Amino acid sequence: MMKITWLGHACFLFEGTKTVIIDPFVPEGKVGIKPDIVALTHGHADHFGETLSLNVKTVAINEIAKYLTAKGLNAEGMNIGGTIEVDGVSFTMTPALHSNWLEIGGEGYCGGCAAGFVIRMDGISIYHAGDTALFSDMKLIRDLYRPDVALLPIGGRFTMGPEEAMMAANFIGAKVVIPMHYNTWPIIEQDAGMFKSSIERTTDIEVRILKPGEGTVVESVTYD
Ligand code: NI
Ligand code: MN
């Protein structure tokens with residue numbers, strides 16, 4: 001059992017044996033929690049957010065991890081396709097079709113590739129797609145990591161929109177899908193209710209629409 005809280009945009013809090021925050025950018029307000037571990041999908045400001053000020057162990061792609069280490073953070077560098085274990089939590093870095101760039105105080109840094117994560121803790125497997133277009137290798141994520149929950153961007157423009165995310169949900173096969181990266185700003189406005197009803201009408205996937213700050217409890221699913 002694990003509690004997943006959407007803090008808004010692409011930022012989620014996972015509470016189990018450890019507390020993990022991914023992409024600590026909260027559109028209105030602050031993260032407000034000091035987690036054990038931060039995971040970063042890429043360096044764009046709407047994901048990097050409070051990474052530096054949280055100042056906890058941070059999992060990121062090598063290029064960003066090097067930057068964080070230079071800033072004095074305890075960073076765990078990795079790359080796409082790899083899996084590491086940090087304090088008993090497993091992080092697998094997955095591909096994402098997106099750009100990456102780290103911009104801080106007017107200075108820009110190479111951020112390596114953008115990524116997603118499969119995070120496994122307490123027997124629950126969560127896939128956070130990061131910012132990404134749809135790609136058919138999401139089927140490999142299903143076959144390899146059997147996510148119980150998929151956190152998918154639906155905002156369009158910078159990522160998949162609802163139509164592509166519906167196909168992504170089918171590729172990934174998680175029983176629970178939580179939409180993210182929409183309605184933060186007018187340019188990524190989407191109707192999550194339509195997304196939910198379209199998926200639930202045609203599949204046995206459950207779409208949980210959360211409000212920023214709202215949490216939901218997820219259970220592990222046993223596959224045959
Ligand atoms: Ni981005
Ligand atoms: Mn983004």
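A polar contact is a pair of N or O atoms within 3.5 Å; within protein, one must be able to donate a hydrogen and the other to accept it, and residues adjacent in sequence count only if both atoms are side-chain atoms. In this predicted model, such a contact of 2.9 Å joins the side chains of Arg208 and Glu206. The model is predicted, so local features need pLDDT of at least 70 and side-chain atom pairs count only at pLDDT 80 or more, while totals for chains, interfaces and linings use all residues. Residues are numbered from 1 along each chain as its sequence is written, chains are lettered from A and ligands numbered from 1 in the order in which they are written, and side-chain values use heavy atoms, with hydrogens and water left out.

**Contacts of Arg208**

- Arg208 is found in the loop between strand 15 (206-207) and strand 16 (215-218); helices (H or I, at least four residues) and strands (E, at least two) are DSSP runs, numbered from the N terminus.
- The side chain of Arg208 also makes a polar contact of 2.8 Å with the side chain of Thr216.

**The two metal ions**

- His42 (NE2), His44 (ND1), His98 (NE2) and Asp131 (OD) coordinate the nickel ion (ligand 1) at 2.2 to 2.3 Å.
- Donors are N, O and S atoms within 2.8 Å of the metal (3.2 Å for Na, K and Ca); water is not among the atoms, so sites may look incomplete.
- The angles among the four donor atoms of the nickel ion (ligand 1) run from 90 to 176°, and the site is irregular.
- Four donors count as tetrahedral if all angles lie between 85 and 135 degrees; four count as square planar and six as octahedral if opposite donors are over 155 degrees apart and all others between 65 and 115; anything else is irregular.
- The manganese ion (ligand 2) is coordinated at 2.1 to 2.2 Å by Asp46 (OD), His47 (NE2), Asp131 (OD) and His181 (NE2).
- Asp46 in helix 1 (residues 45-48) and His181 in the loop between strand 14 (176-180) and helix 6 (192-202) are 135 residues apart, and the pair links distant parts of the chain.
- Asp131 bridges the nickel ion (ligand 1) and the manganese ion (ligand 2), which lie 3.3 Å apart.
- Buried means under 20% relative accessible area, exposed over 50%, and partly exposed in between (1.4 Å probe, protein chains only).
- His42 is buried because its relative accessible area is 0%, and Asp46 counts as buried at 16%.

**Salt bridges**

- A salt bridge is a side-chain nitrogen of Lys or Arg within 4 Å of a carboxyl oxygen of Asp or Glu, and the count comes to five.
- Among them, Asp143 pairs with Arg142, with the closest N and O atoms 3.1 Å apart.
- Asp204 forms a salt bridge with Lys175, the closest N and O atoms being 3.8 Å apart.
- This pair links distant parts of the chain, with Asp204 in the loop between helix 6 and strand 15 and Lys175 in the loop between helix 5 and strand 14, 29 residues apart.
- Asp204 is exposed because its relative accessibility is 60%, whereas Lys175 is partly exposed at 33%.
- Lys196 forms a salt bridge with Glu200, with the closest N and O atoms 3.0 Å apart.
- Lys196 and Glu200 both lie in helix 6, four residues apart, about one turn of the helix.
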